[in-house]
Amino acid sequence: MSESHLSALSIARMLLGSVSDEEAKETATHVEVCIPCHAEIEAARQSQKRFLAQVFPRTLPALESQIVSAHRWRRWLGPLGLASAAGVLAAVVALVVAVPARHTEEPEIQAKGSGALQIFGRRGDRVLAVEDGAILRPGDQLRFAVQSPGNSSVLIASVDGRGEASVYYPSTPLARDGGLDSILEGSIVLDDAPGPERIFALFSDRALDIAEVKKQLDAVAAGGASAIRSTRRLPVPLVQASVFFEKDLSR
Amino acid sequence: MYPNVTEDRLTALYRDYGPVIYWRCLKLLRDEAAAEDMTQETFLRVHRHLDKAPDAEEALRWIWRIATNRCLNEVRNRKRRPDLHEELPEVPVDCPLEQVLADRDLAQKIIERVDEKLRVVAWVHHVDGLEHVEAARLLGISRRTVANRLAAFHAQARKIIGRLS
């Protein structure tokens with residue numbers, strides 16, 4: 001096929017006008033006699049038109065909003081720097097090694113700053129920055145972005161106002177394609193459980209036991225709404241981050 | 001805030017390359033809403049590495065590569081969901097491999113079932129129709145690596161087709 005048809009990249013370059021005159025002439029000659037390539041170029045042109053007329057104007061504000069939100073997040077992490085974040089992680093790891101297993105209380109040194117969770121909310125065409133205390137509604141769509149200083153996977157779980165524990169992402173490998181942070185694939189849609197909900201990101205290098213995580217979340221739920229609002233960390237020796245929001249059922 | 005020049009550059013990249021990247025995502029994902037989301041995600045990633053963004057034609061290859069990788073990951077994730085699992089058609093046992101892979105739809109379905117490492121190379125060669133040298137340039141790997149991965153892909157494809165026949 002590669003000898004007889006235009007590649008998708010060639011068509012893209014052609015649409016962008018970044019081919020030489022000679023290439024353009026060859027392409028035009030080919031397209032005159034090749035029905036599949038002609039159809040492919042037409043489809044690409046239609047898609048291009050649709051993007052410029054509808055998708056671009058509609059999504060540019062959302063893209064800019066996500067960038068501003070991500071920038072705020074990076075600014076928060078920025079002063080720590082990757083090296084110091086790794087240092088904090090090393091300190092946490094050292095502490096975990098030093099603390100006997102029977103100690104289940106929170107470690108003295110918090111891992112704050114060594115792992116981060118950012119939640120992007122979407123309500124129709126609006127993109128919302130979900131920070132602690134944000135007010136969300138049933139039906140809002142949430143996506144998660146995480147930053148780990150070195151752990152290879154993250155588990156995302158939550159406990160809601162009904163006291164229900166959910167694991168949205170079991171230990172999920174983090175992308176390593178050049179970025180320091182990863183936006184997790186897929187999204188969740190909020191249900192109508194009232195009151196606060198806290199979402200935890202637990203970073204690790206191994207698959208975490210879901211039943212064990214749920215047990216920890218159940219313990220938070222047992223403390224009621226105030227515990228959900230105030231428990232920023234689960235009592236497990238892992239790098240973690242969390243965000244809580246309130247659900248507004250009145251609209 | 002970041003310098004305006006950076007924001008302006010991202011907006012310009014989104015306007016200039018967004019249409020072809022959207023088309024790329026649409027072709028790979030076959031779903032308009034998913035293609036919109038993936039185009040935005042691609043440019044979010046572009047924004048994070050804007051300082052490394054090459055100029056002109058290399059910029060297209062760079063963004064194209066990011067979009068391709070992300071879309072193929074999405075396709076892989078969909079395949080993990082059993083309700084979206086598509087059956088492969090039967091292929092005659094004596095049909096030469098090149099002839100089987102010349103059917104781009106069938107090639108796509110076979111590619112979605114092979115090892116991740118081989119998937120992108122197989123896709124850009126057999127579905128997109130890039131020659132070895134172009135594939136190597138797009139993916140930032142050597143021609144030898146392209147050839148080796150395609151050979152490994154062909155071996156896996158033969159096994160998959162063998163199971164169907």
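In this predicted model, the largest nonpolar core takes in 51 residues, and those with the most contacts inside it are B:Ile21, B:Cys25, B:Ile63, B:Trp64, B:Ala67, B:Val121 and B:Val124. The top contributor is helix 1 of chain B (residues 4–29), which puts 11 residues into this core. Both domains of chain B have a share too: domain 1 (1–85) and domain 2 (87–165) each supply at least three residues. As a rule, nonpolar side chains in soluble globular proteins tend to be buried together.

Now for chain A as a whole. Its fold has 6 helices and 10 strands, and of its 251 residues, 29% count as buried. Among chain A contacts with a separation of 6 or more, 73% are between residues 24 or more positions apart.

Helix 2 of chain A (residues 21–33) makes a handy check on geometry. With 13 residues at 1.5 Å a residue, this helix should span 18 Å, and its end C-alpha atoms sit 19 Å apart, so the two values agree. As for burial, the number of buried residues among those 13 is 0, so helix 2 of chain A lies largely in the open.

Terms used: Residues numbered from 1 in each chain as written. Chains lettered and ligands numbered in written order. Predicted model: local features only at pLDDT ≥ 70, side-chain atom pairs only at ≥ 80, totals over all residues. Core = buried A, V, L, I, M, F, W, Y, C linked by C-beta atoms within 7 Å. Buried ≥ 20, exposed ≤ 12 C-beta atoms within 10 Å, placed from the backbone. Helix = DSSP H or I, 4+ residues; strand = E, 2+ residues; numbered from the N terminus. Domains from an automatic or database assignment. Contact = placed C-beta atoms within 7 Å. Expected span 1.5 Å × (residues − 1).
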